[in-house]
Amino acid sequence: MIDASRIITEALVQSGADVFIGYPITPSNLFYSYSKERFPEFLAGPDEISVLQWMCGYSAAGKIPVTATAFPGLALMTETLNMAYMMELPMVLIITQRLGPSTGSATTGAQGDLKFLDGIISGGFPLPIFSPSNFNDAWTLSNKAVKTAIEFRTPVIILTSKELVMTQRSFNINLLEPLEQINRTPKVVEPPYKPYKAGKDRVPTFYPLGNNEYQTRFNASTHDNDGLIRKGTPESLANTWRLREKLEERINEYSFFELDADDGADDLIVTWGVSADASRDAINLLRKNGKKVSLLIVKTILPISQNIFNIIDSFKTVTFAEENMTGLYKEMIFGKRKNSKVKVATKFGSMLTPSEIEEIVN
């Protein structure tokens, strides 16, 4: 018997994350307790603002910090998250979704934080967001989160749900694949070293504070390649553009999805996170009754890969299955405007069931 909190925690540690810094909040409390047992270093923050400030310090010193929170905590972390994004500091944030608005119901699950995360970085800049649909995803995507944070020099979010991380179920952990500990050796650079000068991969070479080779600067204001504040020079503005380009130009390196294609199907169910289990069962019900239908489970929620658009565009009718009021992922794809091609199977305040998805598809 195990829950995804323990699986994600173990995967992050095995992938090379160094320190967990947390402030307990339901339904992320199990991350706090498990991380105290497993991480090489653990710090209890006095509040969520301090937690992310401390994470920035650890990251600048060359560590990979992790925290876990829910919407109220994330709201307090937002300013510092933007700071970490601009400074290009690798870190991982686990967000456990619960029913809102405000503090909502801490013990009721939901998939309600997606639109907030889509705009959480000021200016419309993308932030890598992974959403596990089951225990296997929790294991592998946690490894990908650490890898993405290091290789792209960026904060990364693992977007989970109360049901996934707090519900224990029988699971054979021997089926989990061995994980790679992510290499953090800095790329070789030709002097003079400039802390924000990027190569063809669009990512500056990371040297931590206190290293014995180069002077390092981290700057959360608009800056040039040397890390010096420059308000609007071509170099500083190009550096800011690069923050978007490094993630969008190489999106296929960290874009993950699962497509269960039914040959000849005109109908597609699109889902993510905790709603994937109900969608998998709904597919079996629909096919058992003779309906041809395919299933797309999106695991890299943001940025949205062109591959996702291409799959969706290849079907005549698309049903989005989500545990929120309006279908937030549907709105990210199609907007709020009604579309005859698009249906939504949504639930608010309780989990979506396979039969409810089946009814909407039919």
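User: How do you know how helix 1 and helix 6 cross, and within what distance do their axes come?

Analyst: First, a heads-up: this is a predicted model, where local features need pLDDT of at least 70, side-chain atom pairs count only at pLDDT 80 or more, and totals for chains, interfaces and linings use all residues. Residues are numbered from 1 along each chain as its sequence is written, and side-chain values use heavy atoms, leaving out hydrogens and water. Now, axes are lines fitted to C-alpha atoms, for helices over the stretch in contact, with angles from 0 to 180 degrees between N-to-C directions. For helix 1 (residues 4-15) and helix 6 (residues 135-152), the axes come within 8 Å and cross at roughly 30°.

User: What makes each of these a helix?

Analyst: A helix is a DSSP run of H or I with at least four residues, numbered from the N terminus; a strand is a run of E with at least two.

User: Which residues of helix 1 meet helix 6?

Analyst: Among them are Ile7, Ile8 and Leu12, and the helix 6 side includes Phe135 and Trp139. Contact means heavy atoms within 4.5 Å.

User: Why are strand 8 and strand 11 called a pair?

Analyst: Two strands pair if DSSP finds at least two bridges between them. Strand 8 (residues 267-272) and strand 11 (residues 317-322) have five bridges, so they pair, in the parallel sense.

User: What makes strand 7 and strand 12 edge strands?

Analyst: The open sheet has the order 7-9-8-11-12, and strand 7 (257-260) and strand 12 (342-346) each pair on one side only.
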